[in-house]
Amino acid sequence: MKLTEEEQAMLAGKYGQGTQTAMKIQVAIGEAFDAPYMVPITRAHVALSNQEADLWFVEKLVSQGAHCRIRPTVNPSFNWKQMKKITSIDAKDEAIVKRTDAAYKKIGAIMTYDCTPYLQLNVPRVNEVLAYSESSATPFVNSVYGARSNRESAQSALCAAITGVTPYYGFLKEENRQGEILVNVQAEMKTDFDYQLLGYVTPKKIGYKIPVFNNLVNPSNAALMNLGAQLNTGGNVPMYHIVGVTPEAETITAAFQGHEVKETVTITQADLDEMRSDLTAPYGKIEFALFGCPHLTLDQIKIVADLVENQHLKVPLFIMSSAPTQQLCQDMGYLQTIEAAGGEIISNTCMDQPCWKFLYGKKGVTDSPKCAYYTKRRNMEFVITELENAVKAALKGEIYDENHEKSVSMSQNI
Ligand code: F3S
């Protein structure tokens, strides 16, 4: 790779061993992808996982004196203070959280503990070059903002934050951002939840190509967040276009950068319905409700608050969100409404953390296929449905399909 004088100095150890290690890793990645040179980044987001390997890596860099030139935001870990009021936390798990927090602070990260940095606190502009890890973040910044990031790992994003540069390859290059397949959506797409299903089903149909969605009208931020999270979890798709919505897809021609559309696929309501029944656990009694994968927005939490106002939840309900959103919920009174009904808003926490052991082996309800996907290995099972339905299920302690609900209400009317 052709390196600038400053990059060569980093590689030679002029800025200390930590920066040197980070630059060595960056160069190795660049060579693996045939990158000709490095480009400066303006933002980074590190998908801190709070697991032992993650901790080993950041502590090693800290011990070598590394410090971030670009201060990254970070993914959630778990809020041990808040979770301790709900359940017992293993001393070993609490120690890892504290050490991870200390190491990332020392290296210069901003401890946002949020998996939706693109909605608050780390919001890029069009064409900015970034190093973002986190499966919902990379598609959002690439697709919705027209910023440029590869699908970074937590480690490569941290190295980019330390060196301030990233190898020039992949989605940083204009020509690699063009749409590869036209996806005609012939489904109703009435709720944000439909975008979760669309995100999950699309890679199953098209593989790992950049989809250009046609016929999607005015999706909300939450819908776009859901779409990207599932595209990049159900598959490996860190970028998409929506004709007339995302900045690089004003028209179909623009989305394909003037090239002929060679492949088209149609996704129907039947595809989404089938995906839904494949993903979800069987209906019936549920023991808890868990939302916020990715972290719920203020508007989504308002939906929950409106539904549970003056009611009492039959099963525990947990909402994961960012600390600023939790604070806003308190200011708006949503937090108090949810707590009065028996629910909780938990800040800075991810569902893929050891603080949820008390839910292992139980069946819950969620609106997030990503949540259900990750927690399978932790022996948790989920009925997956729209946020509103899931909250209603938590109020009743059970959930059945529409036909069952109708037959119950008819028998009650007889
Ligand atoms: Fe966020 Fe953890 Fe889900 S980082 S998107 S809550 S897997």
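How many cavities of 30 Å³ or more does the count come to? The count comes to 1 cavity. A cavity here is a set of points on a 1 Å grid, laid over the protein atoms alone, where a 1.4 Å probe fits but cannot get out. The structure is a predicted model, in which local features need pLDDT of at least 70 and side-chain atom pairs count only at pLDDT 80 or more, while totals for chains, interfaces and linings use all residues. Residues are numbered from 1 along each chain as its sequence is written, and side-chain values use heavy atoms, with hydrogens and water left out.

**The cavity**

The largest cavity has a volume of about 30 Å³, where volume is the space filled by probe spheres set on the points. Its lining residues, which have an atom within 4 Å of a point, include Gln196, Met225, Asn226 and Asp367. Gly292, Cys293 and Pro294 also belong to the lining of the largest cavity. Domain 2 (178-278) and domain 3 (280-400) both give residues to this lining, so the cavity lies between them. The domain bounds come from an automatic or database domain assignment.

**The ligand**

Gly292, Cys293 and Pro294 are also among the residues around the ligand, a shell of residues with a heavy atom within 4 Å of it. Others in this shell include Asn75, Cys115, Glu134 and Lys370. Domain 1 (5-174) and domain 3 (280-400) both contribute to the shell, so the ligand lies between them.

**The strands**

Strands are DSSP runs (E, at least two residues), numbered from the N terminus. Two of them pair if DSSP finds at least two bridges between them. In strand β7 (residues 181-186), 5 of the 6 residues are buried, meaning under 20% relative accessible area with a 1.4 Å probe and protein chains only. Strand β7 runs parallel to strand β8 (residues 211-214), joined by 4 bridges, and Asn184 has Asn214 as its bridge partner in β8.

In a regular strand the side chains alternate between the two faces of the sheet. Strand β15 (residues 363-366) is covered on both faces: Lys363 and Val365 on one side, and Gly364 and Thr366 on the other, are all buried. Strand β15 pairs in the parallel sense with strand β12 (residues 288-291) over 2 bridges, and with strand β16 (residues 381-384) over 4 bridges. Val365 is the bridge partner of Ala289, and in β16 the partner of Val365 is Val383.

Definitions and conventions: 1 Å grid on protein atoms, 1.4 Å probe; cavity = no way out; pocket = protein on both sides within 12 Å on 5 of 7 lines; lining within 4 Å. Buried < 20%, exposed > 50% of the residue type's maximum accessible area, 1.4 Å probe, protein only.
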